[in-house]
Amino acid sequence: RRNAWADLTALHIRCLAPVMHVTPGRRGGGYVFRMAASPSATGAGYPPPPPLVTLLALTMGVFLVTLNVTVVTVALPDIQRSLSARPDELEWVIDAYNLVGASLLLSAGFFADRFGRKRALLTGYTIFSGGALLCAAAPSAGWLILFRVIQAVGGTALTPTSLSIVA
């Protein structure tokens, strides 16, 4: 016999039509509704992706966050030349990313638990990618620092979410 509880947790309940009106009394009044259950939009009717595809997507997120720090460190002389950045601005290009990443790490784990790990991971990928595109188009060092902060918000969502999904 199948476990019906797993099927019920993935169902979305919707109201079809009022069946009868209950007259007000000691316990109040109102309508009694006929209810029907249908699979929700969370993918209850679809098979999960293969484990290797999931692992690749999660590993890619952590890899991108780590690679990003390395690439920017190597590219600092070119950033200084092309954006006419001062040495203190170059320090902030790296420090802004690290500071935001370290300060939001615990909050990212909380939001992943609260709103769903998959949603947090996809949001992190989106913000991180958008921040990377903005960094590529930054007209000055000040804008680059701001866009690195945006990128760090997305990168911070990737690391704890990826690790919690793997665990």
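Biologist: Is the crossing of H4 and H5 left-handed or right-handed?
Modeller: This is a predicted model, and in it the axes of H4 and H5 lie 7 Å apart and pack at an angle of about 155°. Angles over 145 degrees count as roughly antiparallel, and H4 and H5 are therefore roughly antiparallel to each other. As for the hand, the crossing of H4 and H5 is left-handed.

Biologist: How many charged residues does the contact of H4 with H5 have?
Modeller: The crossing of H4 and H5, left-handed as described, brings together residues of each class. In the contact of H4 with H5, 15 residues are nonpolar and eight are polar, while the number of charged residues is three.

Biologist: How are H3 and H5 oriented, roughly parallel or roughly antiparallel to each other?
Modeller: Helix H3 covers residues 87-115 and helix H5 covers residues 141-166, and their axes come within 7 Å of each other. They cross at roughly 30°, and angles under 35 degrees count as roughly parallel. H3 and H5 are therefore, relative to each other, roughly parallel.

Biologist: Which class of residue, with what number, goes with the six polar and two charged residues in the contact of H3 with H5?
Modeller: H3 passes H5 in a crossing that is right-handed. Beside six polar and two charged residues, the contact of H3 with H5 has nonpolar residues, numbering 18.

Biologist: Which residues of H4 make the contact with H3?
Modeller: The axes of H3 and H4, the latter spanning residues 117-136, come within 8 Å and cross at roughly 150°, and H3 and H4 are therefore roughly antiparallel to each other. From H3, the contact is made by Tyr97, Ala112, Asp113 and Phe115, and from H4 by Arg117, Arg119, Ala120 and Phe128.

Biologist: How many polar residues does the contact of H3 with H4 have?
Modeller: By class, the contact of H3 with H4 has five nonpolar residues and three charged ones.

Biologist: Is Thr156 buried or exposed?
Modeller: Thr156 is found in helix H5, where, leaving aside residues up to four places away in sequence, Thr156 touches Val100, Gly101, Leu104, Leu105 and Ala108. Buried means under 20% relative accessible area. Because its relative accessibility is 6%, Thr156 counts as buried.

Biologist: Which backbone oxygen does the side chain of Thr156 reach?
Modeller: A polar contact needs a pair of N or O atoms within 3.5 Å. At 2.6 Å, the side chain of Thr156 reaches the backbone oxygen of Ala152.

Biologist: What does Ile165 touch, apart from residues up to four places away in sequence?
Modeller: Ile165 is also a residue of helix H5, and at 31% relative accessibility it counts as partly exposed. From C-alpha to C-alpha, Ile165 and Thr54 are 9.2 Å apart in space, although 111 residues separate them in sequence. With residues up to four places away in sequence set aside, Ile165 touches Leu58, Arg117, Lys118 and Leu121.

Biologist: In what order do the elements of the protein chain run from the N terminus on?
Modeller: The protein chain has five helices and two strands, and of its 167 residues, 25% count as buried. Among contacts with a separation of 6 or more, 65% are accounted for by residues 24 or more positions apart. From the N terminus on, the order of the elements is α-β-β-α-α-α-α.

Methods: Residues are numbered from 1 along each chain as its sequence is written. This is a predicted model: local features need pLDDT of at least 70, side-chain atom pairs count only at pLDDT 80 or more; totals for chains, interfaces and linings use all residues. Side-chain values use heavy atoms; hydrogens and water are left out. Axes are lines fitted to C-alpha atoms, for helices over the stretch in contact, and angles run from 0 to 180 degrees between N-to-C directions. Helices (H or I, at least four residues) and strands (E, at least two) are DSSP runs, numbered from the N terminus. Angles under 35 degrees count as roughly parallel, over 145 as roughly antiparallel, 65 to 115 as roughly perpendicular and the rest as oblique. A crossing is left-handed if the near helix is turned anticlockwise from the far one by less than a right angle, and right-handed if clockwise. Ala, Val, Leu, Ile, Met, Phe, Trp, Tyr, Cys and Pro count as nonpolar, Asp, Glu, Lys and Arg as charged, and the others, Gly among them, as polar. Contact means heavy atoms within 4.5 Å. Buried means under 20% relative accessible area, exposed over 50%, partly exposed in between (1.4 Å probe, protein chains only). A polar contact is a pair of N or O atoms within 3.5 Å; within protein, one must be able to donate a hydrogen and the other to accept it, and residues adjacent in sequence count only if both atoms are side-chain atoms.
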